[in-house]
Structures are given as structure tokens and as C-alpha cells.
Amino acid sequence: MKLYFIPFACSLATRIAIEEAELDAEFVQVLPGGRLPDGRPFSAISPMGYVPAMETAGGLALTEGPAVLTYIADLAAEGVLAPAPYTEERYQMMRWLNFISTELHKAVFAPLMSSAPPEGAKAWARALAAKRFDLLSARLDGSDYLLNSFSVADAYLLSVLNWCEYAGVPIADWPVLLGWRSRMRKRPSVALAMATEMPLREAA
Ligand SMILES: N[C@@H](CCC(=O)N[C@@H](CS)C(=O)NCC(=O)O)C(=O)O
């Protein structure tokens, strides 16, 4: 399978999941301007032009982070990246993936990291941040993971919280989240994924 990625974008979560489960994958970097290394436009793979996008060994083209992460989780051995289907924990995973995607990634971070946001968008996003960070902080207080054990939801949350400094979100105001992010960055799959993408980001 192939994962199309931009260094330190939300596609980092999929790389972490692939490393954690020790799966084989080819990684294709989407270059500035939405081009692929072979010169094709990335929109030929991802109609909206965004990562993550995957091509599976069976020929499935898949976009949307929560769907891509769940696909990878289902390729991994049971319990490595996700709770078993039909369990209550599985629905909690879907809840957190959706929360991170809609309430954090798109509602808070996308406007704060936009280079040309509509007037008032950044103030609106900042106003939303506190309640969402409070909820996460309450969940992770005394717990190492969003679920009972590591899952793709943690990989996605870590990837989004990596953007706090760039977006101007004062993560230190939530010491539980700051501590969780530091511990998560030391997890071998996370450390490896970040170390792989760091030079690519610096060169981009
Ligand atoms: N709804 C998509 C959004 C993905 C997304 O926003 N990706 C960003 C990086 S974090 C991106 O590729 N931006 C480049 C662009 O839109 O041109 C998902 O959940 O996967």
C-alpha cells in the first residue's frame, strides 16, 4: 500500500500507526503546489487535494483521516491499534477520531493555521479551543491513552497537538496535555515517525 503524506501534517498519524503495527508501506510525499514526485497533480489521487490519502494493495483509494486510520487499524493484529469491532471501546474510538477531526483539527487548528483566514475566524477558533482542551485534559488526567490502551486515536491526537506552537494555542495552560504529548513523543513508533519526517519538513 501507498501513503501520500505532507511532513508533520495530519498524515503523520497514519505513519505512526503503520510504524506501531510494523506494516509495510510506501510513503509518497506530496510536494508544495500539490504535485507528486512523478510530476502528476496530487488531485489525481485525492480529489480534495489533501492528505492523508492511501492506495491499498487491493486498489482501494481512500481519503479522510479517520477512515484511513481505521483501515490501517484493521490490518494490524487485533488490539494493537484499535479495540475489536462491535465492542463498546470500538465506538469510543470512533467518537474520539471524529472529535479530533471535526472539533479540533478543522474547528480549532485549521483557522488558526490558515494563511488567509476570513475576518474573525482566528478569534472564533481560539474561543472554541478552551472547552475542547478541557475535555481532553479531563479524559487524559491519570490516563496514558484516550481508550484503555494505545490506539489510532492517540496517534491522531498527538499529530494535531504537535501544531499548538505554530497555531499559537498555549498548551502549557493544560499541563495534563503538555505532559501527555511529551510522553507520547517518546513512544518508539511516534519518535521514529517524527524523526523520519522532521528533515523532510525542514527541506520543504
Ligand atoms: N477532511 C480531511 C482533511 C485533511 C486535511 O485537512 N489535510 C491537510 C493537512 S493536515 C492538507 O492536506 N492540506 C493541504 C491542502 O488542503 O492543500 C481529513 O480528515 O483527512
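Thirteen is the count to start from: of the 13 residues around the ligand, Cys-10, Val-51, Glu-64, Gly-65 and Lys-106 come nearest. The model is predicted.

**Ligand contacts**

His-105 uses a polar side-chain atom, and so does Lys-106. The distances are set out below.

| Residue and atom type | Distance to a ligand oxygen atom |
|---|---|
| His-105, polar side-chain atom | 3.5 Å |
| Lys-106, polar side-chain atom | 2.7 Å |

**Two domains**

Domain 1 covers 2-80 + 190-203, and domain 2 covers 88-187. Taken over C-alpha atoms, the domain centres are 20 Å apart.

How many residues of each domain take part in the contact? Domain 1 contributes 18 residues and domain 2 contributes 17. Together the two domains bury about 1,500 Å² between them. Carbon and sulfur atoms account for 67% of that area. On the domain 1 side, Cys-10, Pro-66 and Val-190 supply 29% of the area buried against domain 2, more than any other three residues. Cys-10 is also one of the residues that come nearest to the ligand.

**Polar links across the interface**

Between domain 1 and domain 2 there are 6 residue pairs in polar contact, both residues at pLDDT 80 or more. Three helices of domain 1 each supply at least two residues of the side that touches domain 2: H1 (12-20), H2 (65-75) and H8 (188-203). By class, this side of domain 1 has 14 nonpolar, 2 polar and 2 charged residues.

Salt bridges between domain 1 and domain 2 number 2. The count for the model comes to 7 salt bridges.

**Two salt bridges in detail**

Side chains of opposite charge can pair when their charged atoms come close. Glu-20 and Arg-187 meet in a salt bridge, with 2.8 Å from N to O. Which parts does this pair tie together? Glu-20 lies in helix H1 and Arg-187 in the loop between helix H7 (175-185) and H8, so the pair ties together parts that are 167 residues apart in sequence.

Asp-74 forms a salt bridge with Arg-90, and their closest N and O atoms are 3.0 Å apart. Here Asp-74 belongs to helix H2 and Arg-90 to helix H3 (residues 88-113), so this pair ties together parts 16 residues apart in sequence.

Methods:
Residues numbered from 1 in each chain as written. Predicted model: local features only at pLDDT ≥ 70, side-chain atom pairs only at ≥ 80, totals over all residues. Heavy atoms only, no water. Domains from an automatic or database assignment. Contact = heavy atoms within 4.5 Å. Buried area = accessible area lost by both parts, 1.4 Å probe. Salt bridge = Lys/Arg side-chain N within 4 Å of Asp/Glu carboxyl O. Polar contact = N/O pair within 3.5 Å; in protein donor to acceptor, adjacent residues only side chain to side chain. Helix = DSSP H or I, 4+ residues; strand = E, 2+ residues; numbered from the N terminus. Nonpolar A, V, L, I, M, F, W, Y, C, P; charged D, E, K, R; others polar. Near = heavy atom within 4 Å.
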